[in-house]
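Hello,

Here is the structure for you to look at. My notes on it follow below.

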Amino acid sequence: MRFGKKLRNSTYPKWKGQYMDYAKLKSLLRENEDEDSKWTETDESQFCDEILNVQLEKVAAFQQETFKSLEQRANACTDKLKDLVPEDGNAKKGDITVARFKEIEGELDEIINETKELKKYSNINYTAFLKIVKKHDRKRGNNYKIRPMMMMTLSKRPFNTESGYSPLLNKLSIMYYAVRQQLDETEPAPEASASDAQSQIQNGERYTAYKFWVHPDNLLEVKTYILRRLPVLVYSEQSAKDLESQGDPTLNSLYFDNPEFSLYNQKVDRQVDASSLRIRWFGQFKSGPEFVIEKKMIHENGTSEERKFAIKEKYIQAFIRGEYRMEKAIAKMERQGQPEAKIQEFRETVTDIQKFIIEKELQPILRANYTRTAFQKPLDDKVRISIDTCLAFIREDAIDPDRPCRNPENWHRLDVDEGAMVYPFTNVNKGEISRFPYSILEIKVKEEVAKKHPQWVEDLMASHLVHKAPRFSKFVHGVASLFEDNVNNLPFWLSELETDIRKDPQAAFDEEEERKAKRRENEQVVGSLLGATPRAASSFKAAVSSPLGKSYMAERMAAEERAGKRSDFSGQSKSHTEDNIEEEGDGDDGEGGNIGAYGTMSSMFPSFSLSRYAQARRERNVVLPPGVTKPTQLIKDSGPLQVEPKVWLANERTFLKWQHICVLLGVLAVSLYNTAGQNRVAEIFGFIYLAIAIFAGVWGTVMHRVRRNMIVERSGKDFDNMIGPMVVSFALMMSLILNFYFQVRYISELVLFKLINFSTMLLWRGLMSLCMATLQS
């Protein structure tokens, strides 16, 4: 299906006029004109203005406006629920109107349906922008290329990111649970959403998998960090013998799909029971590796499951065609006396995979070649970590019968395997290969311990060294990068490849701590609704600062900013007794005392929550015990003052800059006054510049003293002050303007005086000539 038709079929009728005008952009591009000479700069400017300033702004503004509207509707449902819950939190069934809860439930259904439609809207428009700029660069790319600029612009627009919708969905999930609990509808308690994690089933055991990208600059640091905790996994005895010579093993994954890319579309659209198929082997093809056919299925609850079996290379082509059903392998298992249940399971797996290939008309489409470093303790698979580097995607399809990348009679590319090509595959045609710029880190933790990961794993996932890549798939990315013309739906992470994924260490830490605090609050609320607090909620303690460290003043200012939001000694906020409860009981630097962030249950329904904060919020008028007085000094202000030297030196440098300006202006003023002579204007300007110099010197001295006191007092106020620089700048500007005015005036008067003298001289000469002529006559 052509993308224009796909876009029209995907239009939500209610938002028909808000989609990207794909037809208009195609008409501006003038695809039927092959000559680049007819495409002028005016045409390019018109096209870029339409796509960037009109269409992209329209789509982004509508998505943002609609998302805010959904948030407001969700907040309105929150207010309705608040009205239905008594202030004491003890809601009785007889006190609640079932009809009103039904009404709220219907409203929540409408909100979540529109949220799904908005996500589809974002995705199809995202794909449309990438499609049209690819058409542009292919048609007009000899002189103009805008795809990199569009990718960078899309990466800064949050309308197609997974994380943008997670807080709203979490909030709706909690409200659903609260409503249905009151309606006596059986439903499991909502868990904190972990959009960056995916549940997998391998060998009958459940794992929680996390995927990340690692920048090449951080790769060595990540590896050494893991090596201190987990040893490198040796895949086989032969690998152990050749470990020093061969290094990390190379993996080849040959993915299957049909010419319509139905498996790809199912994975991108997240359809129920979406499946993928691949053949995987280690090392070079000529070394006779073991080949494994794997089928991966994603179920409705989000979990994934793998079914696989080993096969010899000479039987692969016959198996794909349905001519061989692993009869020899089954007969061998029977001769070995293996259990009948195991043989039956193997037979079912073979039959299921072969039927899947034949019914879907699958063929090898794509190869992913990468080097894998795996980490795992021997005989302990609670934590498994792998890092894939040197990742390259190579086309293996035979879709175009005139120019197939692979011989249709073979199941793999002979030029790559028989030629023993290795990364970076320089002999492969440019259009048939795509090299991934980052390494891929995957962390798998057994679900028995998934609720309590090892601390070092948590620190690694929260660090600046990795970039979260939820739902990243090699198969999906390879198809999207090599077969973009054949698919009409692209994954959301494509635009992130154009951005720098490296992060500031402290910013990454603060972001992760905020996410954990929100998840902990949600778990506490769910536990209170069930009558017990989940262990995971109580086990989390927010760290005081980043393990990587930060400057004292940065930490102090951040702490004061948080303290200023939760403490108010004027009596307008909660009392110091409540602060003591939070600081001594939680021990998390006040994070637990913050008002619940967006999407948390306690921020929406304080009456539902049994947390200390919710209880303190209900008891606003707290009477201090006898002998207890309200403190006049915060704990943070006690103890010796510790300030980094660079803070003092920064203040000193600013003071010296002001004195430098003072000296320069003073020298200028004295020079003007001494050289003025009888020039009254020069003397006046000398005094003006002297006054500006005195002001600059006094201002620099005063501000140096003021800022020094702010540092000593550990103030959280801003250190900048625009008054002094504005006064000096304005005074100098006015001085220059007045100086220019007086000089122009002086020159004009001088020119006028000379003109009058010259005219008078000519007049006298004329009179003298006339008199002489009269006397002679």
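**Notes on the model**

Phe 687 is found in helix H24. Please keep in mind that this is a predicted model.

Phe 687 is also part of a nonpolar surface patch of about 610 Å², along with Tyr 673, Leu 690, Ile 694, Val 698, Val 702 and Val 706. Helix H24, which spans residues 680-712, gives the most to this patch, with six residues.

At the other end of the numbering is helix H2 (residues 22-29), where Tyr 22, Leu 25, Leu 28 and Leu 29 are buried. These four lie on the same side of H2, because they cover an arc of only 125 degrees around the axis. As background, an α-helix has 3.6 residues a turn, so residues three or four places apart point the same way. The cover over the buried residues of H2 includes helix H1 (3-9), helix H3 (41-84) and helix H4 (98-140).

The last item is Pro 424, in the loop that runs between helix H14 (414-418) and strand E9 (433-435). Is Pro 424 buried or partly exposed? Its relative accessible area is 34%, so Pro 424 counts as partly exposed, given that buried means under 20% and exposed over 50%. Beyond its neighbours within four places in sequence, Pro 424 is in contact with Ile 433 and Arg 435. From Pro 424 to Leu 391 the C-alpha to C-alpha separation is 8.9 Å, with the two 33 residues apart in sequence.

Regards

Methods
Residues numbered from 1 in each chain as written. Predicted model: local features only at pLDDT ≥ 70, side-chain atom pairs only at ≥ 80, totals over all residues. Heavy atoms only, no water. Patch = residues over 30% accessible without salt bridge, like charges linked within 9 Å, V, L, I, M, F, W, Y side chains within 5 Å. Areas by Shrake-Rupley, 256 points an atom, 1.4 Å probe, with all protein chains shown as cover. Salt bridge = Lys/Arg side-chain N within 4 Å of Asp/Glu carboxyl O. Helix = DSSP H or I, 4+ residues; strand = E, 2+ residues; numbered from the N terminus. Buried < 20%, exposed > 50% of the residue type's maximum accessible area, 1.4 Å probe, protein only. Contact = heavy atoms within 4.5 Å. Arc of directions from axis to C-beta.
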